[in-house]
Amino acid sequence: MAAAPRRLLVIWHSFTGATRAMAQAVADAAGVAEEGAVDVVLRHAGDAVAGDVLAADAVVFATPETLASISGAMKDFFDRSYYPLLGRCEGKPHALVVCAGSDGQPTIAQLRRIAVGLRMKEVAEPLLVCTHAQTPAAIAAEKQLPEAELQRARELGTLLAAGLEMGVF
């Protein structure tokens with residue numbers, strides 16, 4: 001009897017399409033794992049609940065940086081889910097994806113603090129994409145990411161799927 005597939009959950013939020021594209025690239029690459037080995041669930045932060053995290057074997061948190069912080073929708077997810085998750089996901093593997101206009105490090109630090117509080121285990125370096133959007137119009141504009149950035153997201157998805165398949169995490 002074949003083992004049940006491992007589940008990778010990608011929780012994302014996006015304003016202009018950049019983070020959505022990165023989350024989708026992670027999910028697409030992870031979804032091509034050996035048939036039946038990895039079940040990928042792509043969930044918008046507004047729809048995600050603590051039970052989604054508990055049902056997953058690994059989680060990716062993908063958010064744009066807004067005002068040097070995680071997006072409001074991602075914050076809302078953590079506001080609704082943090083205490084129901086507390087003490088229930090120690091050691092659960094996670095990875096981070098942040099799309100920022102210029103920096104991204106404050107958002108990565110904030111996500112890491114949340115994950116450390118939940119006792120989750122970071123299994124890959126955070127994936128940071130800087131769009132260099134600096135004017136109000138550029139910040140609000142729909143984003144088309146370069147193929148090289150999407151490839152980095154696919155590599156993260158492949159890494160996570162391989163780790164789940166092999167039982168490394």
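Visitor: Quick one to start. Is Arg 119 buried or exposed?
Guide: Arg 119 counts as exposed, because its relative accessibility is 52% and the cut-off for exposed is over 50%. Keep in mind that this is a predicted model.

Visitor: Where is Arg 119 placed?
Guide: Arg 119 sits in the loop between H4 and strand E5 (121-122). Arg 119 follows H4 and has a positive phi. The value is near 65°, in a residue other than glycine.

Visitor: Which other residue has a positive phi although it is not a glycine?
Guide: Leu 67 is one, with phi at about 55°.

Visitor: And where is Leu 67 found?
Guide: Leu 67 belongs to the loop between E3 and H3. Leu 67 is exposed, with a relative accessible area of 86%.

Visitor: Back to H4. How many residues does it have, and how far does it reach?
Guide: Helix H4 covers residues 105-117, which is 13 residues. From first C-alpha to last, H4 reaches 18 Å, close to the 18 Å expected at 1.5 Å a residue.

Visitor: Which residues of H4 are buried?
Guide: Thr 107, Ile 108, Gln 110, Leu 111, Ile 114, Ala 115 and Gly 117.

Visitor: What covers them?
Guide: The cover includes strands E3 (58-64), E4 (93-100) and E6 (127-130), along with helix H3 (72-85).

Visitor: Why does Gly 117 count as buried?
Guide: Its relative accessible area is 18%, and buried means under 20%. Leaving out residues up to four places away in sequence, Gly 117 touches Tyr 82 and Leu 86.

Visitor: How far is Gly 117 from Cys 130?
Guide: Their C-alpha atoms are separated by 27 Å. Along the chain, Gly 117 and Cys 130 are 13 residues apart.

Visitor: New topic. How many aromatic pairs does the whole structure have?
Guide: A search finds 4. Among them is Phe 61 with Phe 78, a tilted pair. The rings are 5.1 Å apart, centre to centre, with 50° between the planes.

Visitor: What does that pair tie together?
Guide: Phe 61 lies in strand E3 and Phe 78 in helix H3, so the pair ties together parts 17 residues apart in sequence. Both Phe 61 and Phe 78 are buried.

Visitor: What about Tyr 82 and Tyr 83?
Guide: Tyr 82 and Tyr 83 pair edge-to-face. Their centres are 5.2 Å apart, and the planes make an angle of 85°. Tyr 83 counts as exposed, at 63% relative accessibility.

Visitor: Which residues form the aromatic cluster?
Guide: Phe 61, Phe 77 and Phe 78 form one cluster.

Visitor: On to pockets. What volume does the largest pocket have?
Guide: About 400 Å³.

Visitor: Which residues lie nearest its centre?
Guide: Glu 65, Cys 99, Ala 100, Gly 101 and Ile 139. The pocket is lined by 20 residues. Helix H1 (18-30), E4 and helix H5 (136-140) each supply at least two residues of that lining.

Visitor: How does the lining divide by type?
Guide: The lining has 10 nonpolar, 8 polar and 2 charged residues.

Visitor: Last topic, Arg 43. Where is it found, and what does it touch?
Guide: Arg 43 is in strand E2 (residues 38-44). Arg 43 touches Leu 9, Val 10, Ile 11, Trp 12, Ala 48 and Asp 52, not counting residues up to four places away in sequence. Arg 43 is partly exposed, with a relative accessible area of 28%.

Visitor: How far apart are Arg 43 and Thr 158?
Guide: In space, 18 Å, C-alpha to C-alpha. In sequence, Arg 43 and Thr 158 are 115 residues apart.

Methods
Residues are numbered from 1 along each chain as its sequence is written. This is a predicted model: local features need pLDDT of at least 70, side-chain atom pairs count only at pLDDT 80 or more; totals for chains, interfaces and linings use all residues. Side-chain values use heavy atoms; hydrogens and water are left out. Helices (H or I, at least four residues) and strands (E, at least two) are DSSP runs, numbered from the N terminus. The expected span of a helix is 1.5 Å times one less than its number of residues. Buried means under 20% relative accessible area, exposed over 50%, partly exposed in between (1.4 Å probe, protein chains only). Contact means heavy atoms within 4.5 Å. On a 1 Å grid over the protein atoms alone, a cavity is a set of points where a 1.4 Å probe fits but cannot get out, and a pocket is an open set with protein on both sides within 12 Å along at least five of seven lines; lining residues have an atom within 4 Å of a point. Grid points are joined across faces, edges and corners, and a volume is the space filled by probe spheres set on the points. Ala, Val, Leu, Ile, Met, Phe, Trp, Tyr, Cys and Pro count as nonpolar, Asp, Glu, Lys and Arg as charged, and the others, Gly among them, as polar. Rings of Phe, Tyr and Trp (its six-membered ring) pair if their centres lie within 6.5 Å; planes under 30 degrees apart count as stacked, over 60 as edge-to-face and the rest as tilted.
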